[in-house]
Amino acid sequence: MSVGIVGYGAYIPRRRIRLGEIAAVWGADAAAYERGLELHEKSVPGADEDTITMSVTAARRALARAGIDPLSIGAVYVGSESHPYAVKPSGTVVAEALGATPAVHCADLEFACKAGSEGMFIAAALVKSGEVTHALAVGADTSQGAPGDALEYSAAAGAAAYIFGAADLVATLDAQVSFMTDTPDFWRREYMHYPRHAGRFTGEPAYFKTTFGATRMLLEKTGLQPKDFAHAVFHQPNGKFPMRAGKQLGFTQEQLETGWLSPWLGNTYSGASPIGLTAVLDKARPGDRIFMVSYGSGAGSDGFVWTVTDRIDEVRDAAPRTRDQLDNGKMYITYGVYAKLRGKIRMGE
Amino acid sequence: MSTLNPARTAREYPARYRLEAARCEACGAVSFPARLVCPACRGRKFAAVTLAPEGKVLTWTVIHVGPPSHKHDVPYALAVIELGGGVRVTCQIADVDPAKVEAGMAVKLEFRRIQQDGEAGVIAYGHKAVPA
């Protein structure tokens, strides 16, 4: 039985803050940051946007492209490290808003930046087992970096949703792997507002080792080589890492560019590689093979090989395209407004 | 701080989460939120319908001094939106400079946070209009 994506959707908030605006507040060298991280601006959620609202909009767009009855969705997984409630699932709100309740299995997932692909991995496996007809997986985040920390320049907001099924596919899932070790590169303890990270340790021993591990595992499993793919998407914590990782693994700039959104989007954490994949599906041609590897600190990567079907041309325009959301309707804000929206200002009673 | 009753919040889910309305089986008038008696013909039999989220601004005002639950949102536009079929809903317009709102402006309803019961209470979700 062939299993894969029936519908996909992305949501990117309209607000943006430029790196220079952040750097000016902390006396940092904006040009050095832009060059070092290959990052120019990032998305910022409005005060009325959170992981749940972005998940609902992305999921509705996936539903519009899937063209299925929401009651046929048997599982809803929302992956995020910024669920609005510490206790009470995000997925229940998403399922209720879609009209998928009550015969639906639901769980919130958390694994730093790979919680979204984790949901995709499980959703695809559940459909493959025959347990459910359709399964929804969402990756969404409104993550925060501590004021002045390097993460503040990249932590952004966005969501991507995928509906998996066994019929009317827009892309088949040809293989999936997971590569995981215990790697303490980034964490946030209970009740802490901001995460901590291990500086340069987050690069070579964490992101690159894990991304390379999953990539090699996936190529070995499928017997394919980088040249066999039309597109490749990697986790994008900044503009630099995914390009460098992809090229070291043998992919070309052309293969990497379509799903490379981070220079103008920032790091959407659980949404990162899933949103990258939506941008690729927006452009891909029937028959294109797509390589995707996520990364979540802690640390692990999920890897997928997809093949686009003829149905892509029928569903593509049933919802807003990802690049259009990234490039159009932007609202630039100052650091002061950003601090207010992100709850960084201590308020009176 | 607002006080949100979780039971009431949950009862309003069909309208607030899914834009579910009621169409009178006698005269076809659509009520949103759903009613027990049709305001047009006093009919009592309804069929559930889901409103399409696309509409246009009929009229609006700009709130400069909001209630405590919305005091950090000011200034914001509060509008009457006409959806397909003539159904009207009152809601905020988000993601827009309130000075740029115009009658007839095309909008769509999007799922947003409406208010929250302080830092520890329940969060109420629903729909706001955003530029289409």
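Mentor: A residue is buried if 20 or more other C-beta atoms lie within 10 Å of its own. This is a predicted model.

Trainee: How many residues of strand β4 of chain A are buried?
Mentor: Strand β4 of chain A covers residues 73-79, which is seven residues. The strand is mostly covered, and the number of its residues that are buried is six.

Trainee: Which residue in β6(A) is the bridge partner of A:Y77?
Mentor: β4(A) and strand β6 of chain A, residues 134-142, run parallel and are joined by six bridges. In β6(A), A:Y77 has as its bridge partner A:A137.

Trainee: And which residue is the bridge partner of A:Y77 in β5(A)?
Mentor: Strand β5 of chain A, residues 105-109, runs parallel to β4(A), with five bridges between them. The partner of A:Y77 in β5(A) is A:A107.

Trainee: In which element of chain B is confidence lowest?
Mentor: Chain B averages a pLDDT of 94, and 98% of its residues score at least 70. Confidence is highest in strand β4 of chain B (residues 54-63), at 98. It is lowest, at a mean of 93, in the helix of residues 6-11 of chain B, α1.

How values were computed: Residues are numbered from 1 along each chain as its sequence is written. Chains are lettered from A and ligands numbered from 1 in the order in which they are written. This is a predicted model: local features need pLDDT of at least 70, side-chain atom pairs count only at pLDDT 80 or more; totals for chains, interfaces and linings use all residues. A residue is buried if 20 or more other C-beta atoms lie within 10 Å of its own, exposed if 12 or fewer, and partly exposed in between; C-beta atoms are placed from the backbone. Helices (H or I, at least four residues) and strands (E, at least two) are DSSP runs, numbered from the N terminus. Two strands pair if DSSP finds at least two bridges between them. pLDDT is the predictor's confidence in each residue, from 0 to 100.
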